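Subject: Structure for you to look at

Dear colleague,

I am handing over the structure below, together with some notes on what was found in it. Please have it open beside you while you read.

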Amino acid sequence: MSSNRIAVLNYAKKMDGTAIATRLYYETLLQNNKPVEWFQLADYFDRDDYMHHENVIIGSRMPIRTLRAGYDRLRYFPDRISRMNFKGVFLADPSLIGIGLKAGAFMVKVHDLIPISEYSETRFYRMMFNHVLPKLDKASFIIVTTGYMKERISRYILDPDKIKIVTEPVYQKSEENVEVFHNKSDYGKTFQITYIAADRPYKNIRFFADLASKFQERSLNQFSFRVVSRLAPSTHDYIGKLGLKNLTISSEVKDINDIYKETHLLVYPSLQEGFGRPVVEAMSHGIPTVAGNIEPFREIMGDAGSLVEHWNTDDWVE
């Protein structure tokens with residue numbers, strides 16, 4: 001392969017915010033006539049959940065999932081990519097840092113630091129991130145989405161000037177999106193409240209279901225709720241036990257803009273974020289947004305939305 005090309009490396013599943021953001025970087029480089037090539041890294045055992053692309057590198061068959069995730073990121077994928085010749089690489093997340101260290105010049109995108117926060121899902125990921133973060137100092141540039149993330153990442157590197165804040169883009173021009181929102185026919189019989197998130201504990205999807213339950217208890221039947229997510233079986237069970245008639249689950253969505261066109265209010269009760277893409281997407285459509293009062297949302301929303309201080313369902317209902 002030509003040595004003047006840039007490799008964009010994505011290891012996130014196709015519906016993840018990381019994958020969506022990485023694709024936008026890739027498309028921007030293409031539109032500016034940059035010599036760029038996309039490489040889709042995929043876990044061997046659930047590879048159908050990843051973006052299909054001509055340059056797909058399937059991970060190892062190591063049977064233990066947690067060990068496989070670390071081995072693939074830190075050893076298997078770096079070894080595969082190091083055989084190719086690129087001018088530089090763009091890493092979709094810091095867990096791929098081993099690829100950059102072997103490739104030479106590299107940039108890395110850091111979306112959040114969930115794995116080393118109290119919301120880390122496994123001890124293994126915490127250990128891996130603690131191993132990876134000091135190595136960020138080797139990167140040519142580190143891209144973050146908020147000042148909050150820049151401050152957090154600055155704790156791990158010697159040269160803060162390497163950290164560049166690049167606000168996450170959205171697909172359509174905001175003027176067009178607002179036009180779509182204001183051209184909606186009257187709210188009709190229902191007012192659609194939406195939450196778009198991956199089903200991870202810190203995303204707080206169960207809290208959103210609790211809100212729907214509160215509305216149902218109060219017979220506020222003009223409000224309907226929709227959660228856009230691939231829910232884990234345990235979350236499905238939790239929602240099922242609430243007996244909600246006002247909540248719809250959308251697990252597969254071809255075009256997220258179709259969801260926004262039907263949404264009158266976005267509610268985003270996430271407990272921890274590095275950015276929060278749906279918040280910006282909703283605001284670009286002119287959709288009112290209510291979110292938890294956490295640092296990234298204070299930065300990206302400002303006075304453009306409503307931030308709720310306390311994690312009390314009654315406060316959120318009001």
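Glutamate 37 and arginine 5 form a salt bridge, in which the closest N and O atoms are 3.1 Å apart; please keep in mind, here and below, that the model is predicted. This pair links distant parts of the chain, since glutamate 37 belongs to strand E2 while arginine 5 is in the segment before strand E1 (6-10), 32 residues apart. Glutamate 37 is buried, with a relative accessible area of 15%, whereas arginine 5, at 26%, counts as partly exposed.

That bridge is one of 18 salt bridges found in a search of the whole structure. Another joins lysine 13 to aspartate 46, with 2.9 Å between the closest N and O atoms. Lysine 13 lies in the loop between E1 and H1 and aspartate 46 in the loop between E2 and strand E3 (56-58), so the pair ties together parts that are 33 residues apart in sequence. Of these two partners, lysine 13 counts as partly exposed at 24% relative accessibility, and aspartate 46 counts as buried at 17%. Both also belong to a network of salt bridges that links Lys13, Asp46, Asp49, Arg230 and Glu252.

A further salt bridge is formed by arginine 218 and glutamate 318, whose closest N and O atoms are 3.0 Å apart. Because arginine 218 is in the loop between H7 and E9 and glutamate 318 is in the segment after H12, this pair ties together parts that are 100 residues apart in sequence. Arginine 218 is partly exposed, at 39% relative accessibility, while glutamate 318 is exposed, at 73%. The loop between H7 and E9 also contains serine 219, which has a positive phi of about 55° although it is not a glycine.

Asparagine 33 is another residue other than glycine with a positive phi, near 60°. Its place is in the loop between helix H1 (17-31) and strand E2 (36-42), and at 70% relative accessibility asparagine 33 counts as exposed.

Turning to the aromatic residues, the structure holds 19 aromatic pairs. Phenylalanine 208 and phenylalanine 225 form one that is edge-to-face, with 5.5 Å from centre to centre and 65° between the planes. Phenylalanine 208 is in helix H7 and phenylalanine 225 in strand E9, 17 residues apart, and the pair links distant parts of the chain. Both phenylalanine 208 and phenylalanine 225 are buried. Phenylalanine 215 and phenylalanine 223 also form an edge-to-face pair, at 5.2 Å and 75°, and phenylalanine 215 counts as buried at 8% relative accessibility. These four phenylalanines are part of one aromatic cluster, which also includes Phe191, Tyr195, Tyr268 and Phe297.

Among the buried residues of H10 are the charged Arg277 and Glu281. H10 is followed by glycine 286, whose phi is positive, near 75°.

Conventions. Residues numbered from 1 in each chain as written. Predicted model: local features only at pLDDT ≥ 70, side-chain atom pairs only at ≥ 80, totals over all residues. Heavy atoms only, no water. Phe/Tyr/Trp six-rings, centres within 6.5 Å; stacked < 30°, edge-to-face > 60°. Helix = DSSP H or I, 4+ residues; strand = E, 2+ residues; numbered from the N terminus. Buried < 20%, exposed > 50% of the residue type's maximum accessible area, 1.4 Å probe, protein only. Salt bridge = Lys/Arg side-chain N within 4 Å of Asp/Glu carboxyl O.
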